[in-house]
Every structure is written in structure tokens, then in C-alpha cells.
Amino acid sequence: MCIGMNHRLWQAKLRLLARWLSQIAKFGTGIEIHPGATLGRGIFIDHGTGLVIGETAEVGDGCTLFHGVTLGGTGKEQGKRHPTLENNVTVGAHAQILGSITIGEGSVIGAGAVVLDPIPPFCTW
């Protein structure tokens, strides 16, 4: 519920309040989700400590994210800088998905993976 509220505040250009509330949530949970990120329905975050989701990241419906996952940027992009996870993607513990790439529907990213290139649907990486 707090995530949705922060996202609505961000869209309403109340960005300082949205970031402040997201930092309070991060302090309490160990999960950092930028209020600008777009999250689908039914996302499951298992043992979320250390999880980071960047501002332009998009996470589809039914995705599973384990602890330590980063959906981040490389620092080289302008505009959309973070990954897109299509529906029903599973991302293992401490995997790093970086850049404006798309992880196809139903794909599984293994623990500790560093992903810099797009992954087609229904693949294991």
C-alpha cells in the first residue's frame, strides 16, 4: 500500500514527500523502491533485505524477487535507465539486472547473475 501511495505522490509531482516516505519504508524493511518505479500486481518479494528497484524500472505482474536483487542503471543511459521485467519473471538472490533492457515473460534469472543484455521470454539465465 505504501508503495502505491509513494508512486501516486511521485506522479503528482510531490517528489520530495514521495522520496522521504520511500526512505522511511527502506529504513523499516531494508527494501529500496524508488517512487517512480512501475510495479505490477502480485509481485512477491522474498526476504527483501538489500533489494533495490530504480526510478524507471518496470516490474510486470506475478514477478518474484529474492533478497539483494538490483534493478539498476549503468550510469550511461538518458531517459529510461532501468530494466523492464515482463510478467512472471523470477529473479534469484543477489542478481543484478542493469540498464534499459527487457527480461522476457516467464524467464528465470539465477542467483548472483549479472545481466546486461536483454533476455528472451521463457529463458533461464
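Visitor: How many salt bridges does the structure hold?

Guide: This is a predicted model, and the structure holds three salt bridges.

Visitor: Start with Lys26. Which residue does Lys26 form a salt bridge with?

Guide: The partner of Lys26 is Glu32, with 3.4 Å between the closest N and O atoms.

Visitor: On to Arg81. What does Arg81 form a salt bridge with?

Guide: Arg81 pairs with Glu55, and their closest N and O atoms are 3.0 Å apart. Arg81 sits in the loop between strand S7 (70-72) and strand S8 (84-85), while Glu55 sits in the loop between strand S4 (52-53) and strand S5 (58-59), so the pair ties together parts 26 residues apart in sequence.

Visitor: And what is the relative accessible area of Arg81?

Guide: For Arg81 the value is 27%, which is partly exposed. Glu55 is partly exposed as well, at 25% relative accessibility.

Visitor: Which residue meets Glu58 in a salt bridge?

Guide: That is Lys80, at 4.0 Å from N to O. Glu58 belongs to strand S5 and Lys80 to the loop between S7 and S8, so this contact ties together parts that are 22 residues apart in sequence.

Note on methods. Residues numbered from 1 in each chain as written. Predicted model: local features only at pLDDT ≥ 70, side-chain atom pairs only at ≥ 80, totals over all residues. Heavy atoms only, no water. Salt bridge = Lys/Arg side-chain N within 4 Å of Asp/Glu carboxyl O. Helix = DSSP H or I, 4+ residues; strand = E, 2+ residues; numbered from the N terminus. Buried < 20%, exposed > 50% of the residue type's maximum accessible area, 1.4 Å probe, protein only.
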